[in-house]
Number of protein chains: 2
Amino acid sequence: MILPTFADVEKAAGRIEGVVIRTPLLRSVELDRRAGGKVFVKPECLQLTGAFKIRGAFNRLSALSEEQRKKGVVAFSSGNHGQAVAYAAKTLGVAATIVMPGTAPAIKIEKTRSHGAKIVLYDPEKEDREVLARAIADKTGETVVPSYDDPFIIAGQGTSALEVIEDAPKLDAYIVPAGGGGLLAGSVLAFEELSPKTRLYSAEPESYNDHQQSFATGERVRLENPAPTICDALLPLTPGEITFAINRRHVTGGVAVSDGEVCAAMRFAFENLKIVTEPGGAVALAAVLSGKIDTRGKNIGLIITGGNVEAAFFAEILAKR
Amino acid sequence: MILPTFADVEKAAGRIEGVVIRTPLLRSVELDRRAGGKVFVKPECLQLTGAFKIRGAFNRLSALSEEQRKKGVVAFSSGNHGQAVAYAAKTLGVAATIVMPGTAPAIKIEKTRSHGAKIVLYDPEKEDREVLARAIADKTGETVVPSYDDPFIIAGQGTSALEVIEDAPKLDAYIVPAGGGGLLAGSVLAFEELSPKTRLYSAEPESYNDHQQSFATGERVRLENPAPTICDALLPLTPGEITFAINRRHVTGGVAVSDGEVCAAMRFAFENLKIVTEPGGAVALAAVLSGKIDTRGKNIGLIITGGNVEAAFFAEILAKR
């Protein structure tokens, strides 16, 4: 197993420069008041394709050989990663096939198609997307682009943390939503090197808290039949192998939030940060607002990972208060 | 009449550095497709207090004498300017009184109060806010902070344009929402000096198109009983005296959009830029999306001026499509 290093994050930063949006750090008087500290928000919902995923995807595709570029890429993704690979592929002139569950939000399927990718829908109740994608790759020679358990993907996602460290004062803690753990692992690489005293935390939905459990036990826990959550971007049942090997050496622990706390965080972001967040994108903010992280008198960083949410659902959440 | 100059914008940039958020330029594949060109969006809804107004307010208050600071400030504002003055005053340790119409959106009144300002509500049907504010100032010795017709306010707002010019490639056009014309005038000062070939346009609601009419006739037109608009941030009936003296020498013309086009732009910004825009904040985006500006093959810049909109109203707009 080859683990990416800080040098890979730096290389990734060079590849994505001028391609992705250099997102700022947002501040809010109300958020600071609620936290009793200073909170710095990295809004990757503002990123191209509406999520941080373009960082890893563009880094991975940029590093393909000429031969690999000609044959194209295939990715399996419930949404944001698929959009990112499709967009990166189009930008680099590479063909892309995206394998998506038929149950994914319509907005994500549509957007992925709009970037020119070939979409293969599958039935998540009956088929395994990874098996499907590998079968396609075997047949076509396309390179599989994993959504998190890949050194280039991890290094690419870590570029967001480089920017946070550059823009924020010394952070006492940094909170990162975790699905497969790729963004968290990339963040570990950056913080270990540049700000090793900052404590890193994963944030997850309560029912999909495989990272929280895994950090507590020291081993990769696999969930069995978790209860449903609105956080459709955070559904992996277990941490990635590569990502966990990195995360376990530096992450302090995991925080889990309820769907109700996620909705409250989405409304808070609307009102006070003026950004659109998807449920999975708001779990780190929910962790701070719910008081599950000690923020009193501290400098806290958190990342909003995406904003791809259907208008009708978002309107419902706004109306709920 | 003393007109501010480019040097005043530069001085303002020095004063606000590290205080306000350095907002990025956002891009969207879908927006470029719709425009047939490249569009660069300055999202000042992400700014502290949810609007660009903090730039001018902080610049004005920073320049007060010690004597003036002790006596405090008074501002009359339908919302965003009031919030900005209240926030700037708190940051600088100055007392602030904000005179607001009782009809202003509740969210704006609440937020202004939350920054520690004293709020005086008035009845816009019966009282003149400017007369009221000056009466208060005469009694208390507080300095009146106008919302647009002031050299410091104009210079402060112009700092947003400095950032746009720094971040974007050479722009063929730059579109700015106009209420009193302060942001537009500050932008003129920056573009005249740094990018004189960029054409500047004002954007307004159709019924409150006093800038469009004034640019067409060359004189400040005052509207009589305009039809209502949802753009509550853009209700001045005539361009400012100082602002128009600056704007007339460099602005190419005005664009006016319907409330329906504004709603469509707000939905578009939700879906494709993941930002929350208030109606008046979205008129420049509406100008591009409605095809009222020639964008084919061009580099176009536009500014989203604010995001202070009530959740229930925003939910309604999302549900409309």
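Which residue just after H5(B) takes a positive phi? Gly93(B) does, at about 70°.

This is a predicted model: local features need pLDDT of at least 70, side-chain atom pairs count only at pLDDT 80 or more, and totals for chains, interfaces and linings use all residues. Residues are numbered from 1 along each chain as its sequence is written, chains are lettered from A in the order in which they are written, and side-chain values use heavy atoms, without hydrogens and water.

**Helix H5 of chain B**

H5(B) covers residues 80–92. Helices are DSSP runs (H or I, at least four residues) and strands likewise (E, at least two), numbered from the N terminus. Of its 13 residues, 10 are buried, so H5(B) is largely enclosed by the rest of the structure. Buried means under 20% relative accessible area, exposed over 50%, partly exposed in between (1.4 Å probe, protein chains only). The buried residues include His81(B), Val85(B) and Tyr87(B). Their cover includes helix H2 (29–35) of chain A and helix H8 (151–167) of chain B.

**Salt bridges**

The whole structure holds 30 salt bridges over all chains. The criterion is a side-chain nitrogen of Lys or Arg within 4 Å of a carboxyl oxygen of Asp or Glu.

| Pair | N to O |
|---|---|
| Glu67(A) and Lys71(A) | 3.6 Å |
| Asp8(B) and Lys11(B) | 3.9 Å |
| Glu30(B) and Arg33(B) | 2.8 Å |

Glu67(A) and Lys71(A) sit four residues apart in helix H4 of chain A. Glu30(B) is partly exposed at 23%; Arg33(B) is exposed at 56%. Lys42(A), Glu44(A), Arg55(A) and Glu163(A) form a salt-bridge network.

How values were computed. Expected span 1.5 Å × (residues − 1). Contact = heavy atoms within 4.5 Å.
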